[in-house]
Every structure is written in structure tokens, then in C-alpha cells.
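Colleague: I have a structure to read before class. Can we go through it together?

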Amino acid sequence: MSTAQAENTRKVTTSRLTEMKHRGEKISMLTAYDYTSAKLVDEAGMDVILVGDSASNVMAGNVTTLPITLDQMIYHAKSVMKGVKRALVVVDLPFGTYQGNSKEALASAIRVMKESHAEALKLEGGAEIAESIQRILCAGIPVMGHLGLTPQSINKFGTYSVRAKEEAEAKKLIEDAKLLEDIGCFAIVLEKIPAKLAEKVARELTIPVIGIGAGGGVDGQVLVMHDMLGMTMGFSPRFLRRYANVGEIMTDAFRHYISDVKTGDFPNEKEQY
Ligand code: KIV
């Protein structure tokens, strides 16, 4: 095996992500929620797989990420872990399982790690949840931060529009990002904030900054799989690039199958015993 091939199959770890930032190699990250798609994403060479609480929207059909439970996140994380060999797998702690107090946060974190065998967690928020993050880190669990548009706070924001456009919010975001780095987070996601602000944060931090709707000046990008595959047609924010029209391909296949069943074309003689 050549050095390049060995590098491509080498397990991604949190320290490897830091190395990537320092040598200027961009980090690729995508969501997955089930075994079959996680296996495909991993085999394609993705660096990080996020078992996002966006599963609440795209898998369960909820309007927000708030209803998804810890048990449901563990179910998705377990399924993903079975399909992944190389990527680092990060799991979202869902709404209501870490904001109350840091002991509760640690108990939730330990359940996810023990039951799913995932490798890291992501929590939304800055100074307000620093104590919870610290307690989780003390247990040896790597934590990825998440600032900017934090969907678990949608009822506070009232809209999914761009965050931190005003100076005060931008200042708080920079302070929070530095705090998350100082307390030991291994990376941060910045969601839907001005590109210039995200670039400044990425420049000032030594840990990787992964963006979604945060421009190209950060250390990596994350998207929701169903959005980038074109399976969530009603959702088309400016930052989203669609890499396929899987929704159309699936609908065509379903229609074709229905028609073949109705006409008796399926199954044919070779498709029976
Ligand atoms: O849950 C999720 O999919 C996320 C990404 C949007 C970063 O948190």
C-alpha cells in the first residue's frame, strides 16, 4: 500500500482534524442517520460524519429539531457506527439533555458514548453551557461546539435567518468561540453567519472551524445529506449546493415500479422461482 493509500484509509481522529487545519487541508463533513447511507458516505472518503439532530426533521418529519429524544439519537448513532470504518463520528446531544445542569449533561453524554460507541459529541451554545461542556470533557469525551444559528434555540430566535449580523452578536460569537477553544473543544461548527465573521473566527482559532452557510474562509464544510442529495425539495437556502436530484430519481423509480406492478410487467419469468 502506498503512503497516499494508507493516508486515505487511516482512521480520522480529532487530532488528525487539527493536523488538517494546520496544513491547510479542508475538512469534509456530512450528516448520516442510518447504516446504509453512513457506509456509502464513509466509503466515499468523508472525514467526519455527523449524526445530527436534523434527523428530527429529515428522518422523523418534525418541523424543528426539538422533539428528537436521546433514545432516538442513540438509535441513529448505533446504526451509523455499524457502517463506518474511517470517518470520525460525531453525535448531537439533543435539546433538553444538557442545558439543565452539567451532571445531567454528563449522564446524557455517557449514555450516547456507551450505547452507540460514537467518538465525539456536538453541543449547541457558548458560555451558557460551558460548565456542561467542561464536565463532559473531564470524562474524556471529545466535544465539538456549535455557534451562530443554533436550531435548538429556534423559539428564541423566531426565524432561521442569518445570525450575528449585528456587532453585539458578532462580538459575543467571537468570545464564545474563544471560550470553547480555551475549555478544550476540538472543533466548532459555525452555522449561517456572515462569511467575513466566520473567516475571522477560523483565523483566530487553532482548532478547526467547520461552516454551514458560513462561507469558504473556514477550515471545512458540513451539509445535511438529504439537502445536498436533493431529497428535501422545499428547502433551498442560498448556501445549499445540490449535488444530485435523488428525490426525482426515487419518485421516477417508484412510479415505474407502480406501473410495472399494475400492468403485470413485474415480476417476469426470470424474476420468479
Ligand atoms: O443537526 C445537524 O444536521 C447539524 C448541522 C446542520 C451542522 O447540526
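**The ligand and its pocket**

Modeller: A polar side-chain atom of aspartate 53 lies 3.0 Å from an oxygen atom of the ligand. That is a polar contact, which is a pair of N or O atoms within 3.5 Å.

Colleague: And what kind of model is this?

Modeller: The model is predicted: local features need pLDDT of at least 70, side-chain atom pairs count only at pLDDT 80 or more, and totals for chains, interfaces and linings use all residues. Residues are numbered from 1 along each chain as its sequence is written, and side-chain values use heavy atoms, with hydrogens and water left out.

Colleague: How far is an oxygen atom of the ligand from the side chain of lysine 122?

Modeller: An N or O atom in the lysine 122 side chain is 2.8 Å from a ligand oxygen atom. For aspartate 92, a side-chain N or O atom is 3.1 Å from an oxygen atom of the ligand.

Colleague: How much of the ligand's accessible area does the protein cover?

Modeller: The protein covers 95% of the 260 Å² that the ligand has on its own. Accessible areas come from the Shrake-Rupley method with a 1.4 Å probe.

Colleague: Which residues surround the ligand?

Modeller: Among them are Thr31, Leu50, Gly52, Ser54, His146, Glu191, Ile212 and Val224. Near here means that a heavy atom of the residue lies within 4 Å. By class, the shell has three nonpolar, four polar and four charged residues; Gly counts as polar, and Asp, Glu, Lys and Arg as charged.

Colleague: Where does the ligand sit?

Modeller: The ligand sits in the largest pocket, meaning that more than half of its atoms lie within 2 Å of the grid points. A pocket is found on a 1 Å grid over the protein atoms alone, as an open set of points where a 1.4 Å probe fits, with protein on both sides within 12 Å along at least five of seven lines; lining residues have an atom within 4 Å of a point.

Colleague: What volume does the largest pocket have?

Modeller: About 610 Å³. Its lining has 31 residues, and those closest to the centre are Ser54, Asn57, Glu191, Val224 and Phe235. Elements giving two or more residues to this lining are β1 (27–31), α4 (55–58), β6 (187–191) and β8 (220–223).

Colleague: Changing topic, what about the second largest pocket?

Modeller: That pocket holds about 380 Å³ of space. Of its 19 lining residues, Gly125, Glu128, Thr150, Lys156 and Phe157 are closest to the centre.

Colleague: Which element gives the most to that lining?

Modeller: α9 does, with four residues.

How values were computed:
Polar contact = N/O pair within 3.5 Å; in protein donor to acceptor, adjacent residues only side chain to side chain. Points joined across faces, edges and corners; volume = space filled by probe spheres on them.
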